[in-house]
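Dear colleague,

Please find below the structure that I am handing over to you. A short account of the findings follows it.

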Amino acid sequence: MRNGRYGEASIVQGRDDCVTQLADLAGISPVSSQTYDWAAIETSLAGLTLPSDYKRLIQTFPDGKFRDLVRIIRPGDVGSPRTDYLGFYANWLEDMRQWRADGDGLFPYPIHPEPAGLLPFAEGPGGEMCFWLTNSGDPDAWPVVSADRDFLQWQEYPGPMCRFLSALVEGTIPSPFDPATAVGSAAPAFRPIGAQPSTAVAATPTQPGTAAPLWGRQPPQNESAELLAVIGDAPAAPSADWTQVAKILGVDLPTDYQTIVDHVGVGVFCDIRILGPDPCPDFNLTTVLAVEAARVAASHAGVMAAYHPQPAGVIPWGVTADGWICVWRTLQNDPNLWTVAMIAPNFNTIFHDELSFSSFLLKYCGQRDQTGVFFGRAPWQGGATFVGHRHE
């Protein structure tokens, strides 16, 4: 959608006023709580100056999603230095240039660092991207461009970024990633994510079973009892040596996962091959971790889906029949605070920021609302099924 419009909603033009209005819509108090070294960050972009509304927004907003669709990229994402703006998105841009050269997707704009190129500032729930089109010497005038995850549908909106976000929150534009879809009013205007403390806490590891205070959401829930009730009777599983597993991985694994594997072992839940400490390579967690880490590294998209033991690297716990990798995001010291993500065969990633292993599986099999779990894949219709794997 070139020269997109924001409807009749009145949006204040001033940069500070625009961010303030967006904060009012989102229910956020726009008080600076985070600091960044902007000179160093902009040096990492070869001196490109970032828009003023972007700087103010990420200094005053917690990490989160607008309408459960758009999350703003921040310097330091996924273990990158806080003075590096692009971080792992630099590889994403490199992949875009390669896909363009291979004829995969449509690329009607230059790509940073090409002159007037696309510079990412936000991501969608299924690996979609929002960019600035850096076609002006005034960064506050840069238009916004969005693309679907296959880079086949592109939309362009007038800047600045905060006007685009306000229009998204107010529902005066459709989904930036699927123009045929209206933005659902049921989704909150803004949902904080991550594990940002609501009060100051000591920077020490939490103990399993304890929850650090989270900003704007409940910690992931251990719903292993409910999941076992859904699975029903299953042959007794051999005991797992979790101490040895932790020694191999260097981290403990979530309690709800250990409980499930201790009771029913590894196997196929719906169409997800559940991994664990099993001698069969197809079901062995550490083997699949090594295979996927090597596959990602060979794809030149390694930091787009960094695997453990890289900083903030994910750990796989399952593989779907169509090749999606189910992983934990290891952003917390306490594994019981880890949440689930799914990595597509093309490395696009869907984050489930409030779901534990057990909560995710209850939604996946249809015991809970399946909204938001599949993102373009057909929802599982077969109910909760589990076929245990026994190594002969």
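A residue is called buried when its relative accessible area is under 20%. Please bear in mind that this is a predicted model.

By that cut-off, eight of the eight residues of helix 10 (residues 357-364) are buried, so this helix is largely enclosed by the rest of the structure. The residues concerned are Phe357, Ser358, Ser359, Phe360, Leu361, Leu362, Lys363 and Tyr364. Just after helix 10, glycine 366 adopts a positive phi of about 95°.

I turn next to the cysteines. How many disulfides does a search of the whole structure find? The search finds one. It joins cysteine 18 to cysteine 162, with an S to S distance of 2.1 Å. The torsion about the S-S bond of these two residues is about 130°, and the disulfide is therefore right-handed. Because cysteine 18 lies in helix 1 (residues 15-26) and cysteine 162 in helix 5 (residues 161-170), the pair ties together parts that are 144 residues apart in sequence.

Cysteine 365, by contrast, is in no disulfide; the nearest cysteine sulfur belongs to cysteine 270 and is 5.1 Å away.

With kind regards

Definitions and conventions
Residues are numbered from 1 along each chain as its sequence is written. This is a predicted model: local features need pLDDT of at least 70, side-chain atom pairs count only at pLDDT 80 or more; totals for chains, interfaces and linings use all residues. Side-chain values use heavy atoms; hydrogens and water are left out. Buried means under 20% relative accessible area, exposed over 50%, partly exposed in between (1.4 Å probe, protein chains only). Helices (H or I, at least four residues) and strands (E, at least two) are DSSP runs, numbered from the N terminus. A disulfide is a pair of cysteine sulfur atoms within 2.5 Å.
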